[in-house]
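Colleague: I have a new model on screen. Please show me how to read its features.

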Amino acid sequence: MSAETLYGLCAAALVGLGLFGSIVDPQPLRKILAFNLLGGGVFLLFGVIARRGAAAGMAADPVPQAMVITGIVVAFSATALAVTLLLRLFETTGQATLRTGAPARPDPDSDRAGS
Amino acid sequence: MSTGFALDAGLVLDAGLAALVLAVAVGAIVAGTAFAAVVGFVTYGLLLALVWVRLAAVDVALTEAAIGSGVTGAVLIAAAARLRPAEARSAAERPGVPLRLAAAVLSALVAAGLAMLVLLPSAPAPSLGPAAAVHLPELAIGNPVTAVLLAYRAIDTLLEKIVLLLALLGVWSLAPDRFWGGAPGQPHAAQQDGALALLARLLPPVGIVVGVYILWVGAVAPGGAFQGGAILAAMWILVMIAGLRDAPATGGRRVRLLLVVGPAVFLAVGLAGFVVADGFLAYPASYAKPLIIAIEVVLTLSIAVILGLLASGPPGRERQR
Amino acid sequence: MRQVLDIFTVAAVSAGALFFLVGTVGLLRFPDPLTRLHALTKADNLGLGLVVLGLLPQAEGFLAGVKLVAVWLLAQLAGATVTQLVARAVRRGGPPA
Amino acid sequence: MAEFLVGAAGFVLAMVALGLVRLLRGPADADRLMAAQLLGSGGIATLLLLAGGAGVPAAVDAALTLALLAAFASVAFVRSAPGADPAEPDSTEPR
């Protein structure tokens, strides 16, 4: 078995793991984390495809690599936004849950708890 | 000295590394506390950087090391520490067995489908490598990944910068109205002495040199604007965390200018392409390399400021006028 | 000459790898956080230091060597800071268990 | 020489991977950070060895980046731990 195939199988398992975690884990922070894990797996699949596409004196196809670099940056910005949303939810309700109907504190905007 | 052994040693290393990545990922999913899961994720990013080197994608390894593991890790660790009081309660809302079982089956199916794709590749493997190589001499850019990012697929990179700016606007808009334009969060208590203050004084000068080096070398070897910008951002975040410099007011004119200068210059060069070359984001042949370098320099500045502010969170204080 | 340098590389890198082994054993076997921290620093400083020392003769040119030493110095700085910060956090959290 | 360096890279990686048991077991958060720190140093060493052994000189730049950011996780931890006094206990600076 070649190294690319090994990493490809690893990437497939990572996608499965991340998907499972982001569905099952009740904590929003850990859902975000699991989603990033999933993203890592997808990027790795791109890496395997790039490595298999080595041609023209390049060790790997540059186009998937460039897409992964863009992907990592976008994943970071999405993660930062999601974490900020979550922290704001925690500040206003005192809880970090996605359950609907969780009681909120009155007049959240005038209170700066949690900072 | 036989080369057969070298191949074997490499393959053993690859197998071990793949197993390790999987083990850390499982650990991050099943960990008992959110903090343990986040630390697991940081090591996951670090191991992925090693995998990228093994896959001959050092550009990606640099990005993963700087953003994937470094800056993302810092954001998640800080969030895990803040959310700890709410953790027990939200962890208790674990879904029932049927849903967990269904999720497991779905995830296993997705993973199996992807594994099939890996095991049954199309032959010959698709590659845009030859197409990317054709115009490299014209661009005078030695690193094909940089050429893809800033010439062939420059519109992706431009739009990605817009996404970064939108994400930052999204983060800012989560603050209460009265804080709009103010500085992010609360200032960290200043420390004039101690290990952290020492680190925050010694590391940034070196980090700035390394960041500029990574940017510069990106034209001919792995590196570039993203990686350099992320390193600069990390150094800035370190100085802010140590309390040596407070975060700037998000409404300040200098900050706003730095945020948009990269995308603006990129867009201006792109539009100029209509006049001096064949169309949007086309570069006149003899000026391709200087133009690309100029775009990368301003992009690096903007990326550094955007990433640093994204990590700092929404405004938490009223603006001082 | 080449052979002498190669032997030096093998010896130094092996010694460095040994310190990573020692650091890991210490991290796993020592009874409380502060002693584990002590074990960790051995891998950080000596392990990486010896690996860098061993790789120096293999470096292509002076600048590549400087870069290797820079990596080690940066890791040293980070290691020393982390050790201080974590030790303080442990001490704040009460006497080690 | 190349095969030795790749082998050494695998050995160092295996060693620090064993340390990850601390990441799962803890017991304290500090222990988990230590395991991550050890893996960071080991990862840097692995990259340097691979740069020499597998002929990827640019891997040294990746090691340089990792070394720059090696302290990042721990710094974020100590500065955001709830209830922890942000000033260091033996700081002489008046507050």
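Colleague: How many residues of chain A are in contact with residues of chain B?

Modeller: Two residues are in contact if their C-beta atoms, placed from the backbone, lie within 7 Å. Here 73 residues of chain A touch 86 residues of chain B. This is a predicted model: local features need pLDDT of at least 70, side-chain atom pairs count only at pLDDT 80 or more, and totals for chains, interfaces and linings use all residues. Residues are numbered from 1 along each chain as its sequence is written, while chains are lettered from A and ligands numbered from 1 in the order in which they are written.

Colleague: Which helix of chain A gives the most to the side that touches chain B?

Modeller: Helices are DSSP runs (H or I, at least four residues), as strands are (E, at least two), numbered from the N terminus. Helix 3 of chain A gives the most, with 23 residues.

Colleague: What is in chain D, and what share is buried?

Modeller: Chain D has five helices and zero strands. A residue is buried if 20 or more other C-beta atoms lie within 10 Å of its own, C-beta atoms being placed from the backbone. Buried residues make up 72% of the 95 in chain D.

Technical notes
A residue is buried if 20 or more other C-beta atoms lie within 10 Å of its own, exposed if 12 or fewer, and partly exposed in between; C-beta atoms are placed from the backbone.
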